[in-house]
Amino acid sequence: MPKSKYREIYHVLKQRIENLEYEYKELLPSEHTLIQEFDCSRNTVRRAIQDLCAGGYAQSIRGKGVRVIYQPGHPAQFTLSGIESFTEASNRNGIQYTTKVILFSEMYVNEEIHAKTGMEKGKEVYYIQRVRLIDGVPLIIDHNYFLKDVVTYLSKEIAAQSIYQYLEEKLNISIATTKRVITVESVNKTDEENLELNGCNCVAVVSNSTYNNDGIMFEYTQSRHSPKHFEFHEVAQRV
């Protein structure tokens, strides 16, 4: 299915907040106003607002409405909350980036891959290595595994662009949930050959297991970051 209506509303409101159309401490338009503007249900607006609150853009104030808490400053390169592709994060930050595909292959999940990814042994996957260059500097290498049962077609040309955009817009795959683990690991030969490490002997590693709406883990990605350019932000809410 295509990207949900509430995500479209979320992105519109987020952009307005970042552009200071809604300023710090200002209340967002009422639910009724947003329902009329976007021609949607109350629940759809509430889901978009929930995502804004989870991302640190707004806060729901009982009896008053939803207040903007976003303040311009040094943007997070990446966020821990939510699911954001590298392309989306780069566009949000105004970062100039390029992607270099250094390996594109098809293989079966063996014992080693199963132990690393949790994918079922014997399943066929696309395995891709992509170097991310930010302002011309190679700072991240992604190791992507995509399950061919779900992702029925990929190519090296698609991998050089935004795979998530292709999955959502062309294959109509709904990207629902990601589980994320962050570790620090010693550099390996591939890191040394492809990243600008400036003498560092370790990398920050972000491992993502991503599921579709059917609860199938269709992607496992390990992103290995040069530590001098690694920054994640998170917004927490006390419950």
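**Helix packing and ring pairs in a predicted model**

Helix α2 (residues 31–38) and helix α3 (residues 42–54) pack with their axes 9 Å apart, at an angle of about 110°. This is a predicted model, in which local features need pLDDT of at least 70, side-chain atom pairs count only at pLDDT 80 or more, and totals for chains, interfaces and linings use all residues. Residues are numbered from 1 along each chain as its sequence is written, and side-chain values use heavy atoms, with hydrogens and water left out.

User: Why are α2 and α3 called roughly perpendicular?

Analyst: Angles of 65 to 115 degrees count as roughly perpendicular. The angle between α2 and α3 is about 110°, and the two helices are therefore roughly perpendicular to each other.

User: What makes the contact between α2 and α3?

Analyst: Contact means heavy atoms within 4.5 Å. E31, L34 and I35 of α2 meet R42, V45, R46 and I49 of α3. By class, this contact has 4 nonpolar, no polar and 3 charged residues.

User: How many aromatic pairs are there?

Analyst: Rings of Phe, Tyr and Trp (its six-membered ring) pair if their centres lie within 6.5 Å; planes under 30 degrees apart count as stacked, over 60 as edge-to-face and the rest as tilted. By this rule the count comes to 4 aromatic pairs.

User: Why is the pair of Y127 and Y145 called stacked?

Analyst: The ring centres of Y127 and Y145 are 4.7 Å apart and their planes lie at 25°, so the pair is stacked. Y127 belongs to strand β5 (residues 124–134) and Y145 to strand β6 (residues 137–147), 18 residues apart.

User: Why is the pair of Y145 and Y220 called tilted?

Analyst: The planes of Y145 and Y220 stand at 50°, with the centres 6.2 Å apart, so this pair is tilted. It links strand β6 with strand β9 (residues 217–225) across 75 residues.

User: How do you know whether Y145 is buried or exposed?

Analyst: Buried means under 20% relative accessible area, exposed over 50%, partly exposed in between (1.4 Å probe, protein chains only). Y145 has 4% and is therefore buried. Y127, at 10%, is buried, and Y220, at 7%, counts as buried.

User: Which ring does the charged end of R47 sit over?

Analyst: A charge sits over a ring if NZ of Lys or CZ of Arg is within 6 Å of the ring centre and within 35 degrees of the ring normal. The charged end of R47 sits over the ring of Y6, 3.9 Å from its centre.

Conventions. Axes fitted to C-alpha atoms, helices over the stretch in contact; angles between N-to-C directions. Helix = DSSP H or I, 4+ residues; strand = E, 2+ residues; numbered from the N terminus. Parallel < 35°, antiparallel > 145°, perpendicular 65-115°, else oblique. Nonpolar A, V, L, I, M, F, W, Y, C, P; charged D, E, K, R; others polar.
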